[in-house]
Amino acid sequence: MSATVTTTKSTSTPGKGNGPASRMSLGKVLLIVAGALIALSVLRALVDAAQQADFDRVTSAGQIGAALSMAVPIGLAGLGGLWSERAGVVNIGLEGMMILGTFFGAWAGYQTNPWVGVLAGVLGGAVGGLIHAVATVTFGVDHIISGVAMNILALGATTYLAKRWFEPLADIGGSPKNSPQVDPIQSFTVPGLSDWLADLENHHWFLVSDVAGILGGLVTDISALTVVSVLLVVGSFFALWRTSFGLRLRSCGENPTAAESLGVNVYLYKYAAVVISGGLAGLGGVFLALVRSHIYNEGQTGGRGYIGLAAMLFGNWRPGGLAMGAGLFGYSDALQLRNGGATVHALLLLVALGLAALAAWRIVRKSYVAGAVSGAAAVALLLWYALTDTVPNDLVSATPYIVTLLVMGLASQRLRMPKANNRPYRKGQGT
């Protein structure tokens, strides 16, 4: 075991990518969060009454609750991608595995109970992961090609099966494009605490009400599947970074030849990682079908598998960063649900000030071109905010995808993927 630890550590360069020097301390994270909350509170206090209502929605319990429910499927898809890519297998078939989860979760859920539907959806996604593993690990198919094929296969298979299984159930709400209604999964509210936080939020006190709104959204009407998802993120961290199993799995994504020379069954670990990846993506699909809408609908995933991959990249292949990315994308996705035009318009001011600060920092660092670009973008957003009262709904609906592109563009220079990611491997190649 000690030999395995030594080999794996040697594959990481300190100060780069996933090295220890690049990890942000808990104190820095808390300072960033506190700074963001104070910035929101200051802006809310400065704007006039009508605009203040817009900022109230930004940190309201309803907005945070909606953001959490939108972030969970994105986070589960990203977590699936993290498991797969940590073992060296790129999985852009997450979208297809989520589709399988939505379909089989709803199919089993309406026939029995929603928790059986959860199990069926996870198994459906895991089967998709198994197919991807057979193609990439055993037969050496290019990972990208296999993932695209997985997405096409899942969409075609569920479209066909929906016509066969749901169309005959028209009398209870089935159709070729959707399933019958499924019973909801239990949700809960923390008694006493939720009401107290709501009362604090309604006072509109500086910072206190904003924090109360955020915390209130995290303890009010929370699905049991949300709790399971949070535990899976925490459990994935401990499984991958605190166990010998995780150490061996990550070594397969960094240097499979060295791992094999130390007795690691690389094929087995790659298979396990990709099947777990599919199961997590399937669970994300189940959440969409059984928590968000209580029904399967064709096209229900809406590209969230790809956004989950973006969240994984944003988090630099680590669970904590992935959760932050999923929260950001989930928040932007939830804007369209709660008077999105006014809320996005209010956020324009915050983004503009953030870009102005970024421009100043880049100029101090003598990155004049980047500083000028950031400054110009800040001025443009300030003019947009000053000359308009809302944002068109068409643009609001595209906000999650715009945020995805912006975040990937800003974060791309700090990414460091596993070294053997998307590289072909054959047993015995190191001998």
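A nonpolar core here is a set of buried Ala, Val, Leu, Ile, Met, Phe, Trp, Tyr and Cys residues joined through side-chain atoms within 4.5 Å, where buried means under 20% relative accessible area, exposed means over 50%, and partly exposed is in between (1.4 Å probe, protein chains only). Keep in mind that this is a predicted model, in which local features need pLDDT of at least 70 and side-chain atom pairs count only at pLDDT 80 or more, while totals for chains, interfaces and linings use all residues. Residues are numbered from 1 along each chain as its sequence is written, and side-chain values use heavy atoms, with hydrogens and water left out.

Let's start with the overall picture. The protein chain has 19 helices and 2 strands; helices (H or I, at least four residues) and strands (E, at least two) are DSSP runs, numbered from the N terminus. Of the 431 residues in the chain, 48% are buried. Take contact to mean heavy atoms within 4.5 Å: among contacts between residues at least 6 apart in sequence, 79% join residues at least 24 apart.

Now for the inside. The largest nonpolar core holds 32 residues, and Leu 82, Trp 83, Leu 240, Leu 249 and Met 312 touch the most other members. Elements giving two or more residues to this core are α4, α5 (94-111), α7 (143-165), α10 (224-241), α11 (244-254), α13 (266-292) and α14 (304-314). The largest share, 6 residues, comes from α13. There's also a second, separate core of 19 residues, which includes Phe 103, Phe 166, Ala 289 and Tyr 296. In soluble globular proteins, nonpolar side chains tend to be buried together.

Leu 82 is worth a look. This residue sits in helix α4 and is buried, with a relative accessible area of 0%. Leaving out residues up to four places away in sequence, Leu 82 touches Leu 240, Trp 241, Met 312, Trp 317, Arg 318, Pro 319 and Leu 322. Trp 83, with neighbours within four places set aside, is in contact with Ser 236, Ala 239, Leu 240, Phe 245, Leu 249, Ala 273, Ile 276 and Leu 280.

Next, how do the helices pack? The axes of α4 (residues 61-86) and α15 (residues 319-334) come within 7 Å and cross at roughly 135 degrees; axes are lines fitted to C-alpha atoms, for helices over the stretch in contact, and angles run from 0 to 180 degrees between N-to-C directions. That makes α4 oblique to α15, given that angles under 35 degrees count as roughly parallel, over 145 as roughly antiparallel, 65 to 115 as roughly perpendicular and the rest as oblique. Residues meeting across this pair include Ile 64, Met 70 and Leu 82 in α4, and Leu 322, Phe 329 and Tyr 331 in α15.

The axes of α11 and α13 come within 9 Å and cross at roughly 100 degrees, which makes α11 roughly perpendicular to α13. Here Phe 245, Arg 248, Leu 249 and Cys 252 in α11 meet Val 266, Tyr 269, Lys 270 and Ala 273 in α13.

Most residues other than glycine have a negative phi. His 294, in the loop between α13 and α14, has a positive phi near 60 degrees and is partly exposed, at 23% relative accessible area. Asn 422, in the segment after α19 (399-411), has a positive phi of about 65 degrees and is partly exposed at 30%.
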